[in-house]
Amino acid sequence: MEVMFERVAGLDVGKASVTVCVRTPSSRPGRRGSETRTFPTMTRSLGVMRDWLVSEGVTVAAIESTSTYWKPPFYCLEEVMDVWLLNAQHMKAVPGRKTDVRDAEWIAQLLEHGLLRPSFVPPPAIRRLRLLTRYRDQLLADRTREMIRLELMLEDASIKLSAVVSSLKTVSARAMLAAMIEGESDPRVLAELAKTKLRRRIPELTEALTGHFDEHHARLARSILHRLDLVEAALAELDDVITTACEPWAHQLELLQTIPGVGVKVAQVFIAETGGDMSRFPSAAHLAAWAGLAPAIYESAGKRSPAGARHGNKWLNHMLVESAGSVGRMHGKNYLAVQHARLTKRRGMGRAQVAVAHSILVAAYWMLTRDEPYRDLGPDWHVKRDAEAHTRRLVTQLERLGHSVTLDATPAD
């Protein structure tokens, strides 16, 4: 088999150590030499590893994606050579592996023959932004979990406040909870703490606040609300940090927010996960597959069949599906909202949101590629397309019967 890269290195990374196999040309014709060493994953030891690879003239190194352990060796080597991050599933798909071959040597052998392909690793600036946006997503998940715990605790006390108010985070709900924690038990007094429009529902609030809220529930509620306050403060601070970090991509963020349903946070996650440079992706379809928004297809014996959801970038996937959900609440105001409604009737809410998220992603790809804002097709685009297709079918049927058809446009009323 032809050798594509003369001097390569394969790295098998663990938490405490990394095994490195270097393959270079041998003094004997047609032969390849290899040398394997093991280094600790501490920073100084990785520097020694880098110096050794440079002295061997290695130009390409490959690392299997193992948890987050691949990051220190990758970051150490990326400045002095090409480093490929490998998907473990792609390596397993290559036949011929022997059980007595170590991982590092096997990676090096596949790399030198060009049988591997690298995964997308963004540049350092995008990686720093990605850490921020992903941490914010985790904080939002923490807030959701705390809200669920609060609601379950209130159910245990027979307090049905969440059945009346829109959210336990509202000013009225927090005031009622604070009063209950301080020892107020009269449901009428608690209901009178309602603000603005919620005061119309004071009788319902009185019934909902009648329960068995005791000191034990008060301690739990105080603890949960304290954690919620901490998360809210951390989120507010993090939003400011992310906004500052996103300033170099202000133009791309402005373009992305012209898409219905795409707000500031969704646009920031899109930039953080893709890097904002669409030239890294060969096509919109490739980007959709990478994000996990393209259907997986199983093909065998010339037959193609669906194989469920495709694995992809869960952070980008989640935000785009959430954005598609907000589009579905626009009730026919634009093309995406109509697409969501049509698909929901036929395929259900879940598949409709994935399909709309795919449309948003494809639109974003071409917008950033062409540097232009979103242009909506209009809410009646599907109707026009169906009418045109129906007209073509009727004309084709008449022509098959031997008729010559001429279409005259009917003047609009």
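H382 sits in helix 16, which spans residues 381-400. The model is predicted.

**Buried residues**
- H382 has a relative accessibility of 5%. That value is under 20%, so H382 counts as buried.
- Leaving aside residues up to four places away in sequence, H382 is in contact with Y335, V338, Q339 and R342.
- S323 belongs to helix 13, residues 314-328.
- S323 is buried because its relative accessible area, 2%, falls under the 20% cut-off.
- Beyond residues up to four places away in sequence, S323 touches P260, G261, V262, V266 and I360.

**An exposed residue**
- E215 is part of helix 9, residues 215-245.
- The relative accessible area of E215 is 63%, over the 50% cut-off, so E215 is exposed.
- E215 and E182 are 33 residues apart in sequence, and their C-alpha atoms are 9.5 Å apart in space.

**The largest pocket**
- Its lining comprises 40 residues. Nearest the centre of the pocket lie L85, N87, S119, F120 and W290.
- Helix 5 (124-156) supplies the largest share of the lining, 6 residues.
- Elements that each give at least two lining residues include helix 2 (71-77), strand 5 (82-86), helix 3 (88-92) and helix 12 (284-290).
- Helix 13, which holds S323, also supplies at least two residues of this lining.
- The lining divides into 19 nonpolar, 11 polar and 10 charged residues.

Notes
Residues are numbered from 1 along each chain as its sequence is written. This is a predicted model: local features need pLDDT of at least 70, side-chain atom pairs count only at pLDDT 80 or more; totals for chains, interfaces and linings use all residues. Side-chain values use heavy atoms; hydrogens and water are left out. Helices (H or I, at least four residues) and strands (E, at least two) are DSSP runs, numbered from the N terminus. Buried means under 20% relative accessible area, exposed over 50%, partly exposed in between (1.4 Å probe, protein chains only). Contact means heavy atoms within 4.5 Å. On a 1 Å grid over the protein atoms alone, a cavity is a set of points where a 1.4 Å probe fits but cannot get out, and a pocket is an open set with protein on both sides within 12 Å along at least five of seven lines; lining residues have an atom within 4 Å of a point. Ala, Val, Leu, Ile, Met, Phe, Trp, Tyr, Cys and Pro count as nonpolar, Asp, Glu, Lys and Arg as charged, and the others, Gly among them, as polar.
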